[in-house]
Amino acid sequence: MRLEIPVGERTMVLETGKLARQAGGAVLVQLGDTVLLSTATRSQAPRPGVDFLPLSVDIEERMSAAGKIPGGFLKREGRPSDRAILTARLTDRPIRPLFPKGYRNEIQVIGTVFGADQETPYDTVSMVGASAALALSDLPFDGPIGAVRVARTLDGDFILNPTYAQIEDSDLDLVVAGTKEAITMVEAGADEVPEEVMVDAMLIAQDAIRTQAEAIEGWAREIGKEKQQVAAAAENPFLAELRGRYLDRVKEAIINPDRRERHEALDELRAELIEGHDPEEAEQIQAAVSVLQKEAFRELLLRDHKRTDLRGMDEIRPTSAEVGRIPRVHGTGLFARGETQVLSSLALADLGLAQRLDTIEPATGKRFMHHYNFPPYSTGETGRVGAPRRREIGHGALAERALLPVIPSEDTFPYAMRIISDVLESNGSSSMASVCGSTLAFMDGGVPIKAPVAGVAMGLVKEGDDYVILTDIQGLEDHLGDMDFKVAGTRDGITALQMDMKITGVSADLLREALGQAQKGRLEILDVMLGTIAEPRSEVSEFAPRVETLKIPTDKIGLLIGPGGKTINALQDEYGVNISVEDDGQVYVAGEGVAATEAAGAINAMTRDVEAGEIYNGKVVKTTNFGAFVELTPGRDGLVHISRLAPGRQRVERVEDVVNEGDRIKVRVLEIDKQKRISLEKLED
């Protein structure tokens with residue numbers, strides 16, 4: 001069975017019934033020549049001992065999809081790429097809220113990329129495929145969803161499902177997902193785009209999403225499996241009684257600016273209530289207290305108009321910023337907001353250390369990398385450390401996306417840049433704190449960013465027509481609220497945006513209000529940051545490498561590199577530098593102190609054409625009975641005839657009476673004949 005869904009000027013094609021027929025639901029999705037198989041399968045019985053939805057989403061990239069063989073020794077796919085992990089998160093976020101509360105059967109959604117045409121991003125293809133596979137399966141899924149990418153031309157026109165080339169030429173890269181009723185997820189990178197433009201793009205995306213969702217819904221009615229019947233969750237036998245007796249006490253416990261004291265007060269209440277009860281009853285009481293916590297939180301905001309830490313709805317927490325905190329690091333930024341604290345450390349290197357990407361996408365490398373670490377001590381807990389989890393990769397990528405629009409060009413600043421953001425303390429919005437810390441580190445390190453970037457996380461609590469928008473949410477407000485809306489940008493506009501909804505959606509007017517409130521908070525945070533460091537330092541750190549750039553003729557690249565890299569390696573060893581050569585003849589020389597300048601001078605001398613009258617300090621590489629051959633630059637020799645070895649053309653019996661191999665002598669170029677042979681004369685030192 002085949003379904004075609006037009007989106008903008010392109011058509012997405014879905015097919016089912018031929019491949020992976022034993023999966024719960026399987027759909028082959030194609031956009032352009034990018035092809036992805038989405039499957040959705042559940043376990044036959046609930047997973048015992050869990051109190052959460054056991055949903056996993058995995059993306060499997062096949063290098064053959066792009067006609068490539070994996071690098072390395074194994075020559076087969078290994079751990080998922082960052083892009084695969086980010087796409088898995090992007091697919092997970094809009095579908096997770098659409099399963100019944102209390103559903104405990106394991107659910108596995110797998111997207112396998114079989115074709116990557118190097119023109120079409122596969123992330124929205126994965127999202128639509130997962131939606132269709134779930135809709136056709138017997139899983140109790142309250143979808144389907146649609147998903148679309150939006151770009152904007154230089155003329156201000158929006159493009160739906162753009163190609164990589166169109167995204168490259170756009171100031172907006174927006175991915176939106178949702179049901180036919182409303183938007184539920186947003187992910188965006190932008191080049192200082194105004195808030196109103198962002199809202200307009202989301203509204204255009206919503207129309208396309210509605211078309212997709214309605215098409216998949218009709219397809220599922222026609223050929224989908226009968227849905228699994230899920231019994232309604234049993235009423236907690238303790239909830240009504242505890243609500244009447246303890247709701248006000250729970251409310252009093254959570255009204256406290258101190259996160260630890262708030263937890264201690266709730267733990268004390270739980271211990272008091274479960275005393276004397278068997279384990280099963282104790283578990284039900286604990287669950288009832290969690291429900292009361294959410295009810296108390298929502299009453300405080302919607303009825304009493306109070307936040308748990310007593311801030312105003314649009315008030316950010318106490319904020320501080322420091323730079324230069326760690327000696328010798330090329331740049332550091334320490335940013336704190338409330339009980340969230342991030343230390344961002346900058347390292348600069350030559351372009352030879354830019355990251356090379358071995359993926360199925362067109363991108364082959366990047367010179368700016370942002371990595372985010374969330375150690376367990378940041379929340380006062382113990383836990384695993386080691387390889388980054390999916391959440392850490394996602395948060396790192398969000399901050400990287402927020403900073404990319406202000407990174408100086410390679411011509412202006414020829415460095416590879418890496419920032420590590422370590423979360424030292426966390427109580428909400430650590431990803432946005434890492435944006436702020438990274439901006440401070442850039443400025444402290446002398447990176448001439450185009451503008452400082454700050455980020456803030458917004459929240460929402462909504463019931464019916466009543467709602468409250470919260471600025472700079474803390475962990476409790478994120479956990480119990482209806483929206484997590486992260487916005488990063490400069491004074492002039494948005495550079496990154498991420499939104500997840502736990503309810504059916506929000507109106508355009510509410511989005512405008514949230515973005516306006518976020519802009520106010522972002523500007524306040526920028527004021528604090530700029531009060532610490534107003535602009536990037538004029539010079540990079542004394543401990544950072546110095547990079548010299550020069551351009552050589554492309555026909556001289558082979559001369560610079562030498563046979564088997566002999567010449568360039570000799571230069572690197574002699575001067576203690578790293579040299580990178582681009583295909584267009586651009587050369588980057590990185591080293592400490594004056595070494596880079598001296599090496600660049602040597603390269604310039606070596607690759608420019610030798611002209612009559614020029615003077616060189618050359619090395620004697622060979623002597624004969626008629627003269628001495630002198631190396632002017634690597635690969636360029638000239639002859640000093642025996643008659644021109646002594647001043648005043650005095651007679652010389654033997655060349656070795658004046659010079660020997662290995663000597664350094666000053667020579668002048670006399671003539672270059674038609675066969676490019678160079679005649680020299682020796683000068684007095």
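**Notes on a sheet and some salt bridges**

I started with helix α1 (residues 82-95), which lies across β5 and β6 and runs at about 145° to β5. I keep in mind that this is a predicted model. Helix α4 (residues 195-223) also packs on the sheet, where I find it touching β1, β2 and β3, with its direction at about 170° to that of β1.

Next I looked up the sheet itself. It is open, with six strands in the order β1-β2-β3-β4-β6-β5 and mixed pairing. β1 (2-7) and β5 (55-61) each have a single partner strand, so one side of each has no neighbour in the sheet. I noted an average twist of 20° from one strand to the next. β4 (residues 34-46) pairs with β6 (residues 105-115) in the antiparallel sense over nine bridges, and I see Leu-36 opposite Val-113 in β6.

Then I turned to salt bridges: the whole structure holds 50. Strand β4 came up again, as Arg-42 in it is linked to Asp-138 in the loop between α2 and β7, 96 residues apart.

Arg-537 sits in the loop between α11 and β22, Asp-444 in helix α9. Which is buried and which partly exposed? Arg-537 counts as partly exposed at 41% relative accessibility, while Asp-444 is buried at 11%.

My last entry is a salt-bridge network that links Arg-307, Asp-309, Arg-311, Arg-317, Arg-337, Asp-472 and Glu-477.

Key: Residues numbered from 1 in each chain as written. Predicted model: local features only at pLDDT ≥ 70, side-chain atom pairs only at ≥ 80, totals over all residues. Heavy atoms only, no water. Pairing = 2+ DSSP bridges. Helix = DSSP H or I, 4+ residues; strand = E, 2+ residues; numbered from the N terminus. Axes fitted to C-alpha atoms, helices over the stretch in contact; angles between N-to-C directions. Contact = heavy atoms within 4.5 Å. Salt bridge = Lys/Arg side-chain N within 4 Å of Asp/Glu carboxyl O. Buried < 20%, exposed > 50% of the residue type's maximum accessible area, 1.4 Å probe, protein only.
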